[in-house]
Amino acid sequence: MQKIIKSIIVFLFIFVLLVFYNSLNRETNYSTDYLVGNKLTNINLKSFDDNKIYTSEDIQKSRYTLINFWASWCAPCRIEHPYLMQLSKEKNLKILGVNFKDKKINASKFLNELGNPYYYMAKDTTGKQSVNFGIYGIPESILIDNETIVLKKFVGPLNKQNLNDIKEIINSL
Amino acid sequence: MLSNTGNFLLFINIFLSFLIIYNSFKCLKIKNNLIFKNIYQISLLQSTLVLICFFTLTAAFIVSDFSLITVYQNSHSLKPLFYKISGTWGNHEGSLLLWVIILTIFSFLFLIFNKNHSKSYRLYTLIIQNLLILGFLFFIIFNSNPFSSISPIPKEGLGLNPILQDPALAIHPPLLYIGFVGSSIYFSAAMASMISNYFGSLFAQSIKSWVLISWIFQTLGILVGSIWAYYELGWGGFWFWDPVENASLLPWFAMTALLHSLLVLEKRNMLYFWTIILCLMTFTLSVTGTFLVRSGILNSVHTFANDPSRGIYILIFLSLMIFASIYFLFSKYKPTNDLINSNSKETFVLINNWFMMFYLVTVLLGTLYPIFTDAISNNKISVGPPFYNSVIIPVVIVFLFFMAIGPQAKWIKNKFSNLRSTLSILSGAIIINFVIFYFLKSYSLISNLILISSLFLIMSSIFDFFKKSRLSFPRIISHLSFGFLILFIGLNHNFSVEKDFNLKLGEAKKIDNYEFALLDLKLSQENNYKAVVGKLEVNNSNTMKRRILYPEIRIYDNPQTLTYEASIQTSFLGDHYLTMSNIDRSEYYNIKFQHKPLMIWIWISVLLLSFGGFLSLFKNAKNN
Amino acid sequence: MRFKILLIIFFLNLNINLHANELVEESKIHKNLRCLVCQGQSIADSNSDFALTLKMVVKDLIDQGKTEDEIYSFLSDKYGDWILYKPKINQGNLLLWGLPYLALIIGGVIIVFLIRKSSKKA
């Protein structure tokens, strides 16, 4: 009996120390990996220009959709914009831009200046809709398929690597 | 120059540690009860040199010698002198040097203050303590050397994080370190006690003062840390159950348990192995805490610059400590025939230990659990204040009741003759709570119970004070102040008023019985920061009092950081606490106003708590 | 007699209480939600953009008549369990919620056992 207790104690400590060791090189900050594979539901976005509402049905029309949250006041959004412009030329992909907590005049000016990569344009003036997409800071982009299942999520501005990843996924079939 | 001096001193210290260990073993072979004179001398020399080594680093900070990486990374020539000095231990490398100072000085003092204890016990303590010292010296030299130089020599330093430029935070680390690094000495003593078969009440006597000292400083360290968090973080709270805070609380629980079980070991010669386990546990938890904080495997408010290579070193050190402890415990463990009667003081000490272990397990689990879920199931979770509050608070209520009844029990056996007085004190507590509840404000069931139990403890302690001899005075003070602490936290929690709103310049707003107006915004240029100072008028229509508060938004220069300084008006009745912060893309400012009743009494209670420990230390020194 | 008065007072206390806690408390919910863009702060303590947005959403959900738990599960669906400061009681968190109490019970059993053993010997 005593032996069993002793070995349990020793194993417990070894286990704890191994977990510590294992965690040393882990990222401790928040990440959004859990979102991949989830289905987005209750999509309900107001159009940027008129009173149209975009829902899941609109998104299901395209094989792939990239939902991009952006604003004219967001500096990193300018950095990723050229990549979005490149992606807008892809056949299998439609980009849904959600203008986040922004003023319409500023947003239009931003697009006039840098080009408009968006197939659909929606707005989220209060930021409340973004919560439905698990957004916590912009720019963020979510790649979904025609069943609104999340394939990949990008936090922060898109870069060259992300661009290639997206191209690879949408051209894989 | 300073770099070479420092490095040289570090190497000399390693040599001295080896010399002490060598001489100690040599001395152990001789069969008399005398310790070589040169062991005392080397030990004294070692302490002195470590201090000099530390002052060398301090000097480098004072003269802003940026040829040292540590100074370059953590200081700036324009920093006020006081913060240059406190900068010595405000960083990882320098704080390790502080570790070594405490390890060596405690080692030396333990050696000279325990002359009437057995020779082999003292020598083994010295040997083990020096092994710990060596461990940290190697860590310093190979991984975190404060004397590493940099070339070319930078013209200017990077500066100290502004939220660390604060008087409370300058004294916080030394206090806390004396607490938890100090616990190393009874770790060593516990090991030595097992190796040299020196146990029982003599062992208890030899470490009692050291446990008290570390406990007092740990308590004060935690207090200063909380005060700092209260006014610097600007959220109005003083305890966030953050991993770094928990790391300082864990050894405190173990020390408190130890403090009580030592009494039983001293007076009744029982619970020897349990006491040993607590001794080992305290320092092990201290090192574990250091590991968690420095390796960066936890996500915390109190960010330390961290890197995994430090983690791996501390982890190896920790593993060695743990397995050595386990090895000696297992090989020396014998079942004992402790006779414990219910209603005796022993039982209540055990009950204290029981609750302390519960708190410890809860806090340890809460702190480590996210690491485990992440490592095992890749699921990132958070464990925060609502968890700790809901698990711990209900148990605290029962704990306070035991704490009130316990001291009335006598050693060995006791009959409950005083049931009547206990009941009348209890009904007194309930009536007072009812009065507060009925006439002032209603609060939840659990708050009711907290207030009743803490009032019960307070009243019992006061009752005790008039009944007992002066001998138990330190204990009464500590128990009384713990009761006050919980009472004030409870009242503070239930009677706090919080208002959160947005204002722009010149605007006024009325919320309930308060009226707020943002009268003015001023820009000010200080020595090392720029600030926007708001002038806010707060009118309370209930008390007809008008207050002006001056919250600040500061932009520090080196390194550039934005901080929000709360404006606090303290009185014995309560604090008025106000923070102002800018809202992005808007002319409005977010204002958070809080009225925190009896805040200052929370601090005073903790101060009194440690004062109880101090009295006990005094009493103990007088008796020996 | 005294004991009866005590009991009466106690239940009076309870009674008043039951009425105080019926509303879903907004600030309590805020304190349980972690501000993802901050360092270890709840959204109650933060006024970052994210915290402000989340506060609005919480208010909307309360207005829609959602219970506290429904709000938590909605948000943890969107942001993962990381956002909750009070971990859900589920299989994965069983040890977290259970072990403290288990320790409490085991400790109590050990103490009772020690006392029993001693009283037999005496």
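A side-chain oxygen of Asn159(A) comes to within 3.2 Å of the backbone nitrogen of Gln161(A) at the start of helix 6 of chain A. The model described here is predicted.

Helix 6 of chain A spans residues 160-170, and its buried residues are Asn162(A), Leu163(A), Ile166(A) and Ile170(A). Viewed down the helix axis, these buried residues lie within an arc of 105 degrees, so they line one face of the helix. In an α-helix there are 3.6 residues a turn, so residues three or four places apart point the same way. Lys160(A) and Glu168(A) are exposed and sit on the face turned away from the buried side of helix 6 of chain A. The cover over the buried residues of this helix includes strand 3 (64-70), helix 3 (75-87), strand 4 (93-100), strand 6 (140-145) and strand 7 (150-155) of chain A.

The largest nonpolar core contains 192 residues, and Phe203(B), Ile207(B) and Tyr359(B) have the most contacts inside it. Helix 13 of chain B (residues 345-377) gives the most to this core, with 16 residues. A second, separate core has 40 residues, among them Tyr64(A), Leu93(A), Ile135(A) and Val150(A). Beyond its neighbours within four places in sequence, Ile207(B) is in contact with Phe110(B), Tyr121(B), Tyr186(B), Ala189(B), Leu262(B) and Cys279(B).

Glu93(B) is located in helix 5 of chain B, residues 92-113. Its relative accessibility is 12%, and Glu93(B) therefore counts as buried, the cut-off being under 20%. With residues up to four places away in sequence left out, Glu93(B) touches Thr70(B), Ser144(B), Asn145(B), Pro146(B) and Arg310(B).

Conventions
Residues numbered from 1 in each chain as written. Chains lettered and ligands numbered in written order. Predicted model: local features only at pLDDT ≥ 70, side-chain atom pairs only at ≥ 80, totals over all residues. Heavy atoms only, no water. Core = buried A, V, L, I, M, F, W, Y, C linked by side-chain atoms within 4.5 Å. Buried < 20%, exposed > 50% of the residue type's maximum accessible area, 1.4 Å probe, protein only. Helix = DSSP H or I, 4+ residues; strand = E, 2+ residues; numbered from the N terminus. Contact = heavy atoms within 4.5 Å. Arc of directions from axis to C-beta. Polar contact = N/O pair within 3.5 Å; in protein donor to acceptor, adjacent residues only side chain to side chain.
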